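Me: I am new to this structure and would like to learn how to read it step by step. Could you take me through it, starting with a single residue and then widening the view?

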Amino acid sequence: MRKPLTPEEALREGIISTAVAMNASGINRGKSGNVSARWRQGDFDGFLVTPSGLRYEETTREDIVAVSLDGEPFGRRVPSSEWRFHRDIYRSRDDAHAVVHTHAPFATSLACLGRGIPAFHYMVAVAGGVDVRCAAYATFGTQELSDHALAALDGRRACLLANHGMIALGNSVAVALALAIEVETLAEMYWRALQIGEPIILSDGEMQTVLEKFATYGQPSRPD
Ligand SMILES: [Zn+2]
């Protein structure tokens with residue numbers, strides 16, 4: 001009989017399966033993008049993250065890297081080059097227990113124009129506010145990029161990254177991935193609407209009503 005997985009092993013498995021599912025869903029391709037989950041045990045306080053430059057299908061539990069909140073890596077692999085914004089999100093956001101970063105095609109297309117996603121559709125509220133912001137550009141892997149991302153995530157659970165991609169967070173890897181897919185779906189709809197005209201933007205008042213309704217539905221359940 002197989003030994004049951006420890007909580008840490010199960011979390012490592014969950015990170016890998018989420019990364020594989022992320023690519024299978026079409027919101028990410030190849031080795032770009034990364035997935036992490038908050039991890040605390042004993043004296044260790046930090047997170048587990050996908051390694052740099054390894055295909056998700058070939059990644060094993062031992063390849064997942066533990067990184068402390070001080071930025072110290074533990075493991076046989078180098079952590080994703082974007083470990084800084086994962087670290088800074090866990091440091092500053094108590095509501096974040098998992099982070100998904102992708103180069104989703106439609107979200108990234110908007111981000112290459114420096115555009116976020118306004119309230120063209122009420123489901124934009126799923127990311128926590130009246131819009132999904134686009135963080136200012138900075139070189140990948142830098143503290144500057146992390147600082148811009150955290151500013152864009154203020155009061156939100158997702159943001160776009162100019163000329164780069166998208167970040168979504170949640171209370172589990174499954175919830176963070178579901179939000180990333182939702183944001184990419186919204187980005188695609190917004191992109192399509194822009195092809196034929198100027199989308200009508202919902203008022204802040206209407207979006208507040210939607211946000212209040214979402215709060216009573218409870219997250220992460222998804223309204224229809
Ligand atoms: Zn990236």
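Reply: Let us begin with one residue and its surroundings, keeping in mind that the model is predicted. Once neighbours within four places in sequence are set aside, Asp95 is in contact with Arg157, Leu169, Gly170 and Asn171.

Me: Where does Asp95 lie, and how far is it from Arg157 in sequence and in space?

Reply: Asp95 belongs to the loop between helix 2 (83-92) and strand 5 (98-102). Along the sequence, 62 residues separate Asp95 from Arg157, while their C-alpha atoms are 8.9 Å apart in space. Asp95 also has a polar contact of 2.9 Å with Arg93, made between the two side chains.

Me: Is Asp95 buried, partly exposed or exposed?

Reply: The idea is to compare the relative accessible area with two cut-offs, where under 20% means buried and over 50% means exposed. Asp95 has a relative accessible area of 36%, and therefore counts as partly exposed.

Me: What does Arg87 touch?

Reply: Arg87, which is placed in helix 2, has a relative accessible area of 7% and so is buried. Beyond its neighbours within four places in sequence, Arg87 is in contact with Phe47, Ser68, Leu69, Asp70, Gly71 and Gln143.

Me: Which side chain forms a polar contact with that of Tyr90?

Reply: The partner is Ser36, and the polar contact between the two side chains is 2.6 Å. Ser36 sits in strand 1 (residues 34-41), and because its relative accessible area is 0%, Ser36 counts as buried. Apart from neighbours within four places in sequence, the residues in contact with Ser36 include Ile15, Phe47, Val99 and Val173, as well as His86 and Tyr90.

Me: What can a backbone angle show, and what is phi for Asn163?

Reply: As a general idea, most residues other than glycine have a negative phi. Asn163 has a positive phi, near 55°, although it is a residue other than glycine. Asn163 lies in the loop between strand 7 (158-161) and strand 8 (165-170), and with 44% relative accessibility it counts as partly exposed.

Me: How many helices and strands does the chain have, and in what pattern do they follow one another?

Reply: The chain holds six helices and eight strands, and read along the sequence they give the pattern α-β-β-β-β-α-β-α-β-α-β-β-α-α.

Me: How are the charged side chains arranged?

Reply: There are 22 positive and 27 negative side chains in the chain, and the centres of the two sets lie 4 Å apart.

Methods:
Residues numbered from 1 in each chain as written. Predicted model: local features only at pLDDT ≥ 70, side-chain atom pairs only at ≥ 80, totals over all residues. Heavy atoms only, no water. Helix = DSSP H or I, 4+ residues; strand = E, 2+ residues; numbered from the N terminus. Buried < 20%, exposed > 50% of the residue type's maximum accessible area, 1.4 Å probe, protein only. Contact = heavy atoms within 4.5 Å. Polar contact = N/O pair within 3.5 Å; in protein donor to acceptor, adjacent residues only side chain to side chain. Lys, Arg positive; Asp, Glu negative; His and termini not counted. Charge placed at Lys NZ, Arg CZ, Asp CG, Glu CD.
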